[in-house]
Amino acid sequence: MFQILAFKGTVNFLRHALPISVLSLFLVVGSVVSLATNGINWGLDFTGGTVVELEFDHAVDLKNLRADLDHESTSGAVIQNFGSTRDILIRLQVKQGVKSDDQVKLVMETAKKFDEGVIQKRVEFVGPQVGKELTEQGGLAVLVALICILVYVSFRFEWRLAAGSVAALGHDVIVTLGVFSVLQLEFDLTVLAGLLTVVGYSLNDTIVVYDRIRENFLKMRKADPAEVVNASITQTMSRTIITTFTTLITVIALFLKGGGMIHGFATALLMGILVGTYSSIYVASYLAIRLGISRDHMMPVEIEKEGADQESVMP
Amino acid sequence: MLNKYPMWKNLMVIFIIVIGAFYASPNLSGEDHAVQVAANRGAKVTVSVQARINELLAEKGIGVIRSELANEQVLVRIKNPEQQLQAKEVIAEALGEQFTVALNLAPATPEWLAALGGAPMKLGLDLRGGVHFLMEVDMGEAVRKMEDSKVSEFRSQLRLEKIRYSGVRITPRGIEIKFRNSDALEQAERFLKRKDPDMVFTDVSTDTQPLLLAKMNEVYLKKVKEDALAQNMTTIRSRVNQLGVAEPVVQRQGAERIIVELPGVQDTARAKEILGATASIELHMVDQNADIENALKGRVPATSILHKRRNGQPVVLKKKIILTGNHITDAQPSFDQNGRPEVSITLDSKGGNKFSAATKVNIGKPMATLFIEYKDSDKRNPDGTVKMKKTEEVISVATIQQQLGHRFVINGLNQPEAQELALLLRAGALIAPVTIVEERTIGPSLGAENIENGLQAMIWGMAIVLVFMLIYYRAFGVIANLALSFNLIMVVGVMSMIPGAVLTLPGIAGMVLTVGMAVDGNVLIYERIREELRAGRSVQQAIHEGYGNAFSTIADANITTFLTALILFSVGTGAIKGFAVTLMIGIATSMFTAIVGTRAIVNAIWGGKRVKKLSI
């Protein structure tokens with residue numbers, strides 16, 4: 001039996017916790033700053049508008065196409081390659097008094113000038129009203145997910161751990177959003193799905209560590225909380241690495257082979273899994289320790305304690 | 001001794017896996033080229049129609065695999081694809097206008113498998129190409145219509161009660177009823193409150209003007225909207241049938257939106273034209289007392305309104321609606337004794353009663369059919385919704401000869417007009433105009449490309465994970481890999497079994513992701529077994545402890561992921577729902593295969609005997 005990581009004894013993970021938390025804090029602050037200044041490059045699902053995907057017989061110069069499409073009803077269109085130089089994606093904004101059908105017609109006429117054999121592969125139109133509702137719903141979904149998790153983890157574990165896990169999740173969501181904001185990657189509905197999956201996945205990781213922490217608190221009677229946490233992280237480390245590895249492999253396969261339409265989804269997962277793996281160690285567990293987790297908290301939870309505990313974490 | 005599964009548990013594992021594989025198997029058998037025959041409104045597909053189709057095809061020498069009659073549709077599977085188009089033409093020509101004949105691809109699931117409920121996964125539009133529309137019903141218009149009818153109702157009721165009012169009109173805050181004095185107002189308020197529990201009446205009199213405000217109560221308002229949505233869905237469904245699309249979807253979404261999905265349709269312009277054509281019919285009495293000359297100068301009685309006929313001739317109609325198109329259940333063009341074209345109309349019972357009462361008191365008087373159409377005006381309201389343009393036209397004026405029941409004819413039309421009116425009435429009227437707020441068209445080649453991409457990602461991801469597990473855990477890796485493969489088969493099996501589950505591109509991504517994440521269960525167990533072995537436990541004990549200790553961790557971890565998938569399912573639309581469903585199914589099946597499935601194998605191989613070393 002061979003191990004990827006063979007530790008002799010317990011590794012003192014928490015020794016690096018402080019500098020790493022500072023780094024995390026920087027990442028979060030940086031993400032928030034970028035979100036505030038650059039904002040998010042919202043995709044069609046959220047803004048409304050029209051997307052046209054075209055396939056040309058030969059490569060087309062985007063500059064010329066852009067110049068030709070600078071028409072009254074299609075001005076401000078975003079034109080970019082989509083996977084290859086022959087595939088082009090055009091995003092049109094909603095214009096007062098202009099029908100989306102007419103915009104698409106104009107795009108097709110222009111495209112035909114470059115290449116008679118151009119194929120219209122996909123057309124999507126989303127009304128601005130629908131987009132606005134979706135934005136609200138999407139934000140709400142992430143919030144509801146976080147609250148549900150807080151409730152579940154408090155119920156199963158203890159509020160200090162729950163707070164740690166929710167902080168880790170918030171961290172993952174914000175940093176992933178931050179990456180999308182800094183790189184100005186398009187944020188569409190599939191990215192939101194990716195983000196929620198990250199929430200689920202990262203929590204998965206956190207819970208595995210927590211489970212071990214709870215077990216070890218009962219087993220290692222003389223150890224202090226830091227020792228218990230260190231031992232727990234060490235014991236679960238090879239599992240964490242293997243699962244992260246297999247999940248990353250499949251996500252990378254999606255990223256490389258899955259095609260343009262789920263690129264955003266795969267990108268969000270890729271970021272989220274990397275960030276989520278380290279945050280479950282350094283953010284979740286570390287915060288629980290800073291909140292003063294101890295063996296007393298790990299004794300079977302009594303029912304009357306439950307309500308009082310939850311109230312103190314709810315804003 | 002430790003680690004032995006009782007026989008029933010082994011059998012259960014085998015049984016579940018076999019069932020999963022069984023229902024997954026239809027996905028392997030591909031598709032037949034087929035022709036689908038459905039009836040338009042009024043006609044019906046019966047066994048005799050099916051027999052006639054079979055006969056026709058046999059006559060022309062077209063090879064048929066089998067023909068099925070289900071859901072009021074005949075599906076004929078054609079042996080070779082070259083003859084599919086020919087078959088369609090032959091059938092369409094023979095059956096005529098009453099039926100729509102469409103080309104279709106039908107899953108080639110063997111008959112005995114299909115009989116047991118076996119069917120391949122349904123593919124979402126992003127995988128097979130087609131159009132998706134999200135339509136919004138203009139509820140403002142539906143409410144306005146209802147208010148209109150309430151206004152006439154108030155007028156006639158107050159008149160019958162001999163309560164004097166000086167005017168009834170619709171305002172943005174509700175229906176206002178003006179009175180000359182407050183006595184009349186009080187009397188009216190008392191009477192109407194008793195008479196009409198659907199409305200809320202409030203006294204909003206000013207110093208000079210006694211005024212009663214009537215508003216629909218919450219419950220009634222909700223019902224009006226519900227009815228409008230239901231009515232529109234029925235209408236759109238029958239219009240979709242006329243498009244001749246195989247396996248269309250018409251679904252409600254939320255309180256005022258309708259989803260329409262038309263697989264394989266590329267001509268969106270025609271689809272929109274037919275779906276969005278918001279036309280309806282209203283029957284009104286002609287106001288014989290009104291003077292046309294005066295009306296043209298703008299002096300129209302308050303209870304009447306000036307309309308134009310098709311040829312531009314003006315005509316004054318009473319505002320009160322005798323009947324709207326949504327009571328019409330059937331309309332057929334026909335000829336009277338003198339060979340003049342007419343339209344025979346059948347009403348539902350409520351419409352029949354209403355119409356009977358109205359015609360009884362109006363024998364000998366002229367009645368007009370008003371045609372109303374809403375069109376996209378190219379303009380938008382400030383909130384981004386499309387402004388609709390309303391056009392109204394009197395298409396016929398006929399004299400009521402006798403009291404009419406739930407069947408009557410409209411005459412005074414020419415031949416093409418009668419045809420068109422009948423068609424329009426049959427297709428049903430949209431009670432309120434609809435606008436398309438979202439539209440997605442996916443080309444068929446892109447759909448095929450999406451499937452191809454998804455499969456590629458799946459194959460690569462799966463292959464690397466399988467190889468890694470094999471190298472890292474050796475014999476136990478083989479078991480984990482078996483579990484992983486069965487897990488995938490079961491996901492496909494469950495997806496095929498659940499009627500509502502649809503495979504989408506994000507759904508495939510969900511499956512790929514499941515492959516990566518499903519090993520987690522086994523990794524947790526195996527790492528635990530290794531730990532126990534390192535701690536010096538015996539092999540049997542290590543296996544027992546490994547599975548036991550890892551269980552609660554796996555359960556906790558999976559329940560939380562399941563929760564997020566559930567949230568995703570409730571907020572997501574279309575393709576995202578597909579992802580959430582796949583993820584949820586994947587979590588459930590992977591827990592079964594990773595914990596129970598592998599344990600059964602491990603027990604069978606190592607359980608109950610002396611083992612010194614584990615290949616893990």
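Predicted model: local features only at pLDDT ≥ 70, side-chain atom pairs only at ≥ 80, totals over all residues.

Me: What share of each chain is called buried?

Reply: A residue counts as buried when its relative accessible area is under 20%. By that cut-off, 51% of the 616 residues in chain B are buried, and for the 315 residues of chain A the figure is 56%.

Me: How do you know that contacts in chain A link residues 24 or more positions apart?

Reply: Contact means heavy atoms within 4.5 Å. Taking the contacts in chain A with a separation of 6 or more, 78% join residues 24 or more positions apart. For chain B the corresponding share is 71%. As for its elements, chain A has 10 helices and six strands.

Me: Why is a group of residues called a nonpolar core?

Reply: The name applies because its members are buried residues of the nonpolar kinds listed for a core, joined through side-chain atoms within 4.5 Å. The largest such core here has 128 residues, and Phe187(A), Tyr473(B), Phe476(B) and Ile529(B) touch the most other members. Its largest share, 17 residues, comes from helix H13 (residues 444–497) of chain B. A second, separate core has 24 residues, including Val131(B) and Val260(B).

Me: Which residues does Phe476(B) touch?

Reply: Leaving out residues up to four places away in sequence, Phe476(B) touches several, among them Tyr526(B), Ile529(B), Trp606(B) and Leu614(B).

Me: How do you describe the way H14(B) and H15(B) meet?

Reply: Two packed helices are described by the angle and the distance between their axes. For H14 (residues 505–534) and H15 (residues 539–571) of chain B, the axes come within 8 Å and cross at roughly 145°. The crossing is right-handed. Residues making the contact include Gly521(B) and Ile525(B) of H14(B), and Gly546(B) and Ala550(B) of H15(B).

Me: What makes up that contact by class?

Reply: There are 11 nonpolar, five polar and three charged residues. Gly521(B) and Gly546(B) both take part, and Gly counts as polar.

Notes. Residues numbered from 1 in each chain as written. Chains lettered and ligands numbered in written order. Heavy atoms only, no water. Buried < 20%, exposed > 50% of the residue type's maximum accessible area, 1.4 Å probe, protein only. Helix = DSSP H or I, 4+ residues; strand = E, 2+ residues; numbered from the N terminus. Axes fitted to C-alpha atoms, helices over the stretch in contact; angles between N-to-C directions. Left-handed = near helix turned anticlockwise from the far one by under 90°.
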